[in-house]
Amino acid sequence: MRRYESVWVVNGDLPDEEVKSAIDKFSRIISSADGLLVGLDDWGRRKLAYKIKGTHRGYYVLADYAGTPATVKELERNYRIDDRIVRYHTVKKSDQVDLEALQAEIAARAQAAQPEPEAAPAPAPEPEPAPAAAEAASTPEVTPEAAAASPEEAAAPEQTPAPAKEE
Amino acid sequence: MPVMPRRKRKQFYVRRKVCRFCVDSKLAIDYKDSNTLRQFVTERGKIIPRRISGNCARHQRRVTRAIKQARLLALMPYIPQLPPT
């Protein structure tokens, strides 16, 4: 088995359900063609640098998987059939794959996906420094340094990444 | 720079450029990271030559490749849409 990663660009003008079903379809193809999906990284809708198939928007998904050359062949055959996939790009990451390490990675990713929603709301409330400080104080066992720091200091670094995201 | 001390000096001094990827091994070249790759492309979307970017041959090759891959995925432009002049 080899380790691959693919970027799928789904037509960004399609409704969310269509995009989701396309992603599900290709995830299933990976599993059905002797592949092992390690993780999907959803980049969301982005502006394309140029027009493809009449649109300027694309929904990007990065798929990380292990498989054989036949897996990739089958996938690429299906990309060409499916109109929703606007662009795809597959890169081989390594020639050898340690299945046990891969299983561990899948488990780690599944675990990381769960605490994320908990961690995400914590830095989110930037406008009100008071609740942020309260939250920092309520979780001292997770981030003792952050709680020890003064509320202004804790709030300042949180505010800087926010405008970057909005751009 | 309000004062220009360099003005007195007439001869040019060529500073030897070093490949920034060789200096910092943590810097990765990745076709998915279009923000980093944008540093190696002109305003017109052309790949900046090695004599200007200062990259070593090996890293320039990788940068070039990554830019071309990013272009294919429409993460970077082949020809940018510049505002009309």
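Predicted model: local features only at pLDDT ≥ 70, side-chain atom pairs only at ≥ 80, totals over all residues.
Hi everyone, let's begin with one helix. How many of the 15 residues in α3(A) are buried? The count is zero, and α3(A) is hardly covered.

Now let's step back and look at the whole chain. Chain A has eight helices and four strands. If you read along the sequence, the pattern goes β-α-β-β-α-β-α-α-α-α-α-α. Of the 167 residues in chain A, buried ones make up 18%. And here is something about how the chain meets itself: take the contacts between residues at least 6 apart in sequence, and 72% of them join residues at least 24 apart.

Next, a pair of helices. On your screens, find α1 of chain A, residues 16-32, and α2 of chain A, residues 69-81. Their axes are 9 Å apart, and the two helices pack at an angle of about 150 degrees. Angles over 145 degrees count as roughly antiparallel, so that is the word for α1(A) and α2(A). Their crossing is right-handed. Which residues meet there? From α1(A) we have A:Phe26, A:Ile29 and A:Ile30, and across from them, in α2(A), sit A:Thr71, A:Glu74, A:Leu75 and A:Asn78.

You will find A:Glu5 in strand β1 of chain A, which runs over residues 2-11. Is A:Glu5 buried, exposed or partly exposed? Around A:Glu5 there are 17 other C-beta atoms within 10 Å; a buried residue needs 20 or more and an exposed one has 12 or fewer, so A:Glu5 is partly exposed. Leaving aside residues up to four places away in sequence, A:Glu5 touches A:Leu62, A:Ala63, A:Asp64, A:Val91 and A:Lys93. A:Leu40 is 35 residues from A:Glu5 in sequence, while their C-alpha atoms are 9.7 Å apart in space.

Finally, let's bring in the partner, chain B. Eight residues of chain B are in contact with nine residues of chain A. On the side of chain B that touches chain A, seven residues are nonpolar, one is polar and none is charged.

Key:
Residues numbered from 1 in each chain as written. Chains lettered and ligands numbered in written order. Contact = placed C-beta atoms within 7 Å. Nonpolar A, V, L, I, M, F, W, Y, C, P; charged D, E, K, R; others polar. Axes fitted to C-alpha atoms, helices over the stretch in contact; angles between N-to-C directions. Parallel < 35°, antiparallel > 145°, perpendicular 65-115°, else oblique. Left-handed = near helix turned anticlockwise from the far one by under 90°.
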